[in-house]
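Please look through the sequence and the model shown here before reading on. The paragraphs that follow go through the chains one after another and then turn to the places where they touch.

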Amino acid sequence: MKTDYTRPLDLKHGHIDMNHGGGGRAMQQLIRELFAKHLGNDLLAQGNDGTVLPAQPGRLVMSTDSHVITPLFFPGGNIGALAVHGTVNDVAVMGATPLWLSAGFILEEGFPLADLERIVQSMAAAAHDAGVQIVTGDTKVVERGKADGVFITTTGVGVLLDGVNLSGAHARPGDAVLISGTIGDHGMAIMSQRENLQFAAPFVSDSAALNGLTAALIASGAELRLMRDPTRGGLAATLNEIAQQSRCGITLMEAAIPIQPAVEGACELLGLDPLNIANEGKLIVVCAAVSAEQTLQTLRAHPLGRNAAHIGSVTDDPHHFVQLQTRFGGRRMVDWLSGEPLPRIC
Amino acid sequence: MCLAIPTRVIEVHNEFEAIVELAGVRKLVSIALVENVQVGDFVILHVGHALTKLDPDEARKTLELMAEAGLAVDPATA
Amino acid sequence: MKFVDEFRDGALAQGIARAIHAEAKPHRRYAFMEFCGGHTHAIARYGIPDLLPTNVRMIHGPGCPVCVLPIGRIDLAIHLAIKRGVILCTYGDTLRVPASDGLSLLRAKARGGDIRMIYSPEDALRIARDNPGREVVLFAIGFETTTPPTAVALMNAEREDLGNFSVLCCHVLTPAAIAHILDSPEVRNLGLVALDGFIGPAHVSTIIGSQPYEFFAEEYRKPVVIAGFEPLDVMQAILMLVRQVNACRFSVENEFTRAVTREGNRRAQALVVECFELRKHFEWRGLGEVSYSALKIRERFARFDAEARFDLAYQPAPDHKACACGAILRGVKQPIDCTLFGTVCTPDTPMGSCMVSSEGACAAHYTYGRHRSTA
């Protein structure tokens, strides 16, 4: 009789049950046969309550993000890759090199193991491509109905590059505002999957890790003030945050903002403003006007910045408004939304 | 009132249903309110229904009128 | 995008703007009311006021069906969701409108009401077919543009003998509202609101045609120009109105000839007549009771009429005392005249529906135009 035989997890047809979060053998098996199998690295393999990290020269940057997206799988990605990209980006835009991530999972009872494996595999691939390691994690299971399949929280730690001092408060009147590519791709990819919308449209999320792009920008020596990745709330939210923090105004040129025709068309159909729609793989850069051209070229030279554009400038405005010079010739405010963008009939 | 957008008919299923397209986005809509819809027609879409066809000749005439309005004024004196 | 981009062309806009500047007489003031919420939105979104001379002013009229929906109607919808357990299907615009007891449809959803956002009446029918054990109610708001789609839904429900579907009908009529404004003391007698003409609604007119406005032009001696939805259409319509005023003419002109004819969409009109009849009275937010201004479902479709099916009793509910939505909807006040505007009342915390709907004068001004009033 084999004494150390455990029947392997049925990753094809099995489901999460309450035992998997119980802290006992079932949970250990889940960690071993699913999480560690795909995410495995030396640090994770330490196998202790906390992971000891190698010392780093320089200051540390830390960021955290929770992901509760529905649907879990969408064109261009899934919640796993998103969870990695989102936190890598939050660390990277500070001018830091992201190194390590933690990953906490809240799983719903009944969640298919096959789906979980797909998600974890995506996370492993995303981490590998971004050059980061997932070094510690946690798993909990809640009763059926208490979570949308899975919620994931990732925390990231990175090291600030030498001489970097970026902040949302550093924008000054006269500075240039640039974006790395087309807006609204992620939000539209999600909306097109949701129940009430029946589009047969080719929307793909732009979910991506931006640390290669941010490193290139810093290495270019351009006079950067700040970098931000606009996510929920779209360009409008992020630019308003910057305007508030820097106590300036911002003026955008509508004609310069890159957007895919299909995204623009879908927004028209729904009565939504693309400036309010989520992104997951785009960068806003504010830099000194003299650095604008160089920064634009650096962005465009990178695969994730091919459609980069100079979209506006920072202004001296005591009200800290973000305004748009419309294609039409007039001017209007770009406000942040009070909540979810709701499609209109009128 | 009303958010309504011009879209192009690319498939007609029957007198009640058609598929329209806008900038590559396709949608199944009702054409119950419009008579004699053909592929290639442009219709105004509102809450999932085509309301009426758009007349390309009239559209062109309107644009010409708009252009004339601008030309009639000498920019130097405006 | 065809039929869209061409009508947003900046160069053509500059041309029309020059013409308006040249033809508007310098010592005369022109005040035009755009009736349609979609026009209010377009004017704000494209920054059209920047292109007009200072003596040409746009007044925002009550053309936003969300803005004129009285609190009592939303209360009925909330009641159906929370107390009667129906699946309440609503368009996105109505979700945030504040109703009684600090509730809105969105808040009622948070309290457990099964409230679902739809894009089309067909979505509500589908939900009814998919949930045979539940009652499904379509919260049908809108002017004459949205009414024919509701009529199609009623016909489909009848044909399929859908036993769990009904409509809470809050459809209202454009000409009645225009008449009400023109008849109001402020406009007719007191001359408090100088109104030189109307920009007629775009898509309502595709259904009803240009003919219904001829009465107004004659009776009240005000020009009406029906304008398309795009910013160039609005600019062109303003130019046409200026020309009529200058020539002391008051007729109905159609700028939106690519979609509007004199008779309108006969098929849609016939369907509406088959399904609906006029209500004697209907309360409009801000305008009070207006006669023959709204529709109710005909006897033939009574089983699909939520008011009959659920034996609903309408209770009027007053607006916030300091809310100036009423005056703003009638064009008597501007958003900045309201004491609540921008402080207590913002898009985040709307007190009245002018702030909730993105086409309401207050929301449009707050979201797109408040840089002007602070300049």
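Among contacts in chain B between residues at least 6 apart in sequence, what percentage join residues at least 24 apart? In this model, which is predicted, 30% of those contacts in chain B join residues at least 24 apart. Chain B has 78 residues, of which 46% count as buried, and its secondary structure consists of one helix and five strands. Followed along the sequence, these elements of chain B come in the pattern β-β-β-β-β-α.

Glu15(B) is found in the loop between β1 (5–12) and β2 (17–22) of chain B. Is Glu15(B) buried or exposed? Glu15(B) counts as exposed, because it has 12 C-beta neighbours inside 10 Å, and a residue is called exposed if 12 or fewer such atoms lie within that distance. Between Glu15(B) and Val37(B) there are 7.9 Å in space, taken from C-alpha to C-alpha, although the two are 22 residues apart in sequence.

Chain A is the next part to consider. Chain A is divided into domain 1, residues 18–160, and domain 2, residues 176–333, and the C-alpha centres of these two domains of chain A lie 27 Å apart. Where the domains meet, 19 residues of domain 1 of chain A are in contact with 21 residues of domain 2 of chain A. On the domain 1 side of this contact in chain A, the elements giving two or more residues are α3 (79–92), β4 (96–108) and α4 (113–130) of chain A, and α3(A) gives the most, with seven residues. By class, that side of domain 1 of chain A has 11 nonpolar, seven polar and one charged residue.

Chain A also has an open sheet of four strands, which stand in the order β1-β6-β4-β5 with mixed pairing. Why is one side of β1 (60–67) and of β5 (133–142) of chain A left without a neighbour in the sheet? These two strands of chain A stand at the edges and each has a single partner strand, so one side of each has no neighbour there. Direction ignored, neighbouring strands of this sheet are turned by 15° against each other on average.

A helix of chain C, α12 (residues 266–275), shows how buried and exposed residues can be arranged. Its buried residues are Ala268(C), Leu271(C), Val272(C) and Cys275(C). These residues cover an arc of only 100° around the axis, and therefore they are on the same side of α12(C). Arg266(C), Ala270(C) and Val273(C), by contrast, are exposed on the other side of α12(C). The buried residues of α12(C) pack against α6 (147–160), α9 (202–208), β10 (276–284) and β11 (288–297) of chain C.

The contacts between chains complete the picture. 45 residues of chain C are in contact with 37 residues of chain B. Several helices of chain C each supply at least two residues of the side that touches chain B, among them α5 (121–130), α11 (231–246) and α12, while α1(C) gives the most, with eight residues. That side of chain C divides into 24 nonpolar, 14 polar and seven charged residues.

Chain C also meets chain A, where 20 residues of chain A are in contact with 37 residues of chain C. The largest share of this side of chain A, three residues, comes from strand β13 (residues 331–333) of chain A. By class, the side of chain A that touches chain C has seven nonpolar, eight polar and five charged residues.

Conventions: Residues are numbered from 1 along each chain as its sequence is written. Chains are lettered from A and ligands numbered from 1 in the order in which they are written. This is a predicted model: local features need pLDDT of at least 70, side-chain atom pairs count only at pLDDT 80 or more; totals for chains, interfaces and linings use all residues. Two residues are in contact if their C-beta atoms, placed from the backbone, lie within 7 Å. Ala, Val, Leu, Ile, Met, Phe, Trp, Tyr, Cys and Pro count as nonpolar, Asp, Glu, Lys and Arg as charged, and the others, Gly among them, as polar. Domain bounds come from an automatic or database domain assignment. Two strands pair if DSSP finds at least two bridges between them. Axes are lines fitted to C-alpha atoms, for helices over the stretch in contact, and angles run from 0 to 180 degrees between N-to-C directions. A residue is buried if 20 or more other C-beta atoms lie within 10 Å of its own, exposed if 12 or fewer, and partly exposed in between; C-beta atoms are placed from the backbone. The arc is that of the directions from the helix axis to the C-beta atoms.
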